Every structure is written in C-alpha cells, then in structure tokens.
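The sequence and structure come first, and the residues concerned follow.

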Amino acid sequence: MARGSSKIGGMNLKEDLLRAAGYFYNFDRLAYVNTAAKKVFAVEAIEDHPEEWLKRKLAEPNTTGEWRFYDEPPVGVRRVFVAELEDARQTHR
Amino acid sequence: MPGRRTAEDYLRSEYVRLLPSLQRTSTAVETEVRHLLLPLTIELDPYERVIVKSRVKDCESAIDALRRRQPYGLFDPDRAEEYALVNLPDLVGVRVLAFPPRRLNAVRDALLPRLQTWVADHMPAASLDLDNVGFKYSGRWRDSDTFRSEIQIVSLLVGLFWEVEHAAVYKPSPNLRGIVRSVEMRQRVAAVESALNAFEDEFGRILDDASQAF
C-alpha cells in the first residue's frame, strides 16, 4: 500500500545525458550503470543534483580500475553490489 | 557450522513475532474506520462509492519495501541485525476509495479527529500539473502498538489504477521492482493519473451543474 511517487522534473535531460554516455538503468539497484567506464550513478544522486553536476561527473575519467559510485555506498553494500557488477561483466564478455 | 544470519533472516523472525498484533490491529482499524464513516456512507447517492479496504503487508513485501529504502536497494551484510520492519510506516494499511472526488474531503473530515497525533504524508501526483492525488496518514492505532499503521484516502479511479500498477510491477516479476522509478514509466503513470483526474473533474463539474439546475 506504500505509495511514494515523486514529481518528474528535469529528469528527461538527465536521462538523455546518461543514455548518450552509455549508461543503462539497473532496476534492482535504482542506479544507472556503465560497465565499460565502471561508474554508477544512484537515482537519488541524479535527482538531487543539477544537470551541470551530472555533466561534470559523467566527464570525469575513472582510471582507478575500481568501480566509482555517485553516491558512495556503505562498505558492505559496496562489496555486494560490486560482486553483482563483476558477475554481470563476466557474463557479458 | 551454520552460516551467518542475513538481514532477511532477522526480519523474518521479527515478522513472525509481530504478525498476531498486525492482524488484530488491521481488523480494529478497518472496523473503526467503517464506523466513523457510517454517517457518510449511508447517505451516498446511488452513483457514489466509499470503499474501505485493509491489509497486513505480507512478510516478503515488507522485507522488499525495507530493502528498497536502503542505499542501492541492498541490506548491508555488516549490519544485518540492525534493520527493523517496525520502521516501515505501513505494516498495516487501510485504504479508503471515494467517488466522486468531492467525497474525499468528507471522508478525511470524518477520520481526522481519530488521527490527531498521526503524521500526514500526502501522496504527490506523478504529474507536475496535479497537486496531491490522495491523503495519507501514519501512526500508532493503539498506544500499545510497536508498529505504525497507515490510512490512505484516495479517489476510486486512481486507487484502482494503483492496484493494477502495483500488482503488475511488484508481484509477479521481482526483476521489475525498480521499474516504477524509471523516468519512462513515471511519465506514463503521470499521464494516466492526469487522465483519470480530468475525468473525475469533469464528472464533478457536471454534478455541480445538475444540482444547481434543480
């Protein structure tokens, strides 16, 4: 019975930016993921920040070899999520 | 050697402990809501509806709901014992569906005295063009309850649409759980809510015109 729909505002442009940059939406994790760039954007982070922030973060190179999260999750959550992401990468290779 | 207990293990134990109280409170809330609405419901015109539904959130739905509130929809395995279903606002839920929408305020007025200490968290429309699509309150029905119950007051058409949407998205396909947050899906939901709202507004306008004609 929970119902918590929020208004759609300014998400169309952000969605276009993410799609154009090669991100896909992960329904279970409520996040946009780019497996090649190893970057993850939480929906909350996308909604909470302006478009300019998203453009800057999309342009940031990730040369660490590790997954980069916007927002950074707790350590345990990061461990589980990264394991899922790596499984998915192996599957799609 | 047994494995480490997961957050889900702890939460299922909590649910079993809570269930008898949840069922008692669900019956109590629905009965009292029907009683409070009786003066209104016995005077409804034939085309009008006020429907009261109640439910106890089932165990896996409750765990899913709590999980969706966590970062990236995951329980932290390092804090497995720290999660609690009683943090959910709607383990017991009662939804009052009203048609036409002018009955919504009458329903709310009848229930408000019983909800003085409850927290209002009204339901925003998905569309920017609409205000709230319903009223929502959560709180403890009895002082002894360790959990909160929720009462929603919503138009009949929107409420029935939500039932279909919820059943389609959540129940049969766990892999669709997050679809409601996708931009495309929210746009479609906004369009449906706007259309239903337009229908109800027009119906209400015709009723007002008809009442002035006699």
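Helices (H or I, at least four residues) and strands (E, at least two) are DSSP runs, numbered from the N terminus. The model is predicted: local features need pLDDT of at least 70, side-chain atom pairs count only at pLDDT 80 or more, and totals for chains, interfaces and linings use all residues. Residues are numbered from 1 along each chain as its sequence is written, while chains are lettered from A and ligands numbered from 1 in the order in which they are written.

Most residues other than glycine have a negative phi, and most peptide bonds are trans. The exceptions described here are set out below.

| Site | Feature | Value |
|---|---|---|
| A:Tyr70 to A:Asp71 | cis peptide bond, omega | near 5 degrees |
| B:Phe99 to B:Pro100 | cis peptide bond, omega | near -5 degrees |
| A:Leu30 | positive phi | near 50 degrees |
| B:Tyr72 | positive phi | near 60 degrees |

In chain A, Asp71 sits in the loop that runs between strand 4 (68-70) and helix 4 (75-92). In chain B, Pro100 belongs to the loop between strand 2 (92-99) and helix 3 (102-111).

A:Leu30 is part of the chain A loop between strand 1 (24-26) and strand 2 (31-34). B:Tyr72 lies in the chain B loop between helix 2 (59-68) and strand 2.

A residue is buried if 20 or more other C-beta atoms lie within 10 Å of its own, exposed if 12 or fewer, and partly exposed in between, with C-beta atoms placed from the backbone. A:Leu30 counts as buried because it has 20 C-beta neighbours inside 10 Å. B:Tyr72 has 23 C-beta neighbours inside 10 Å and therefore counts as buried.
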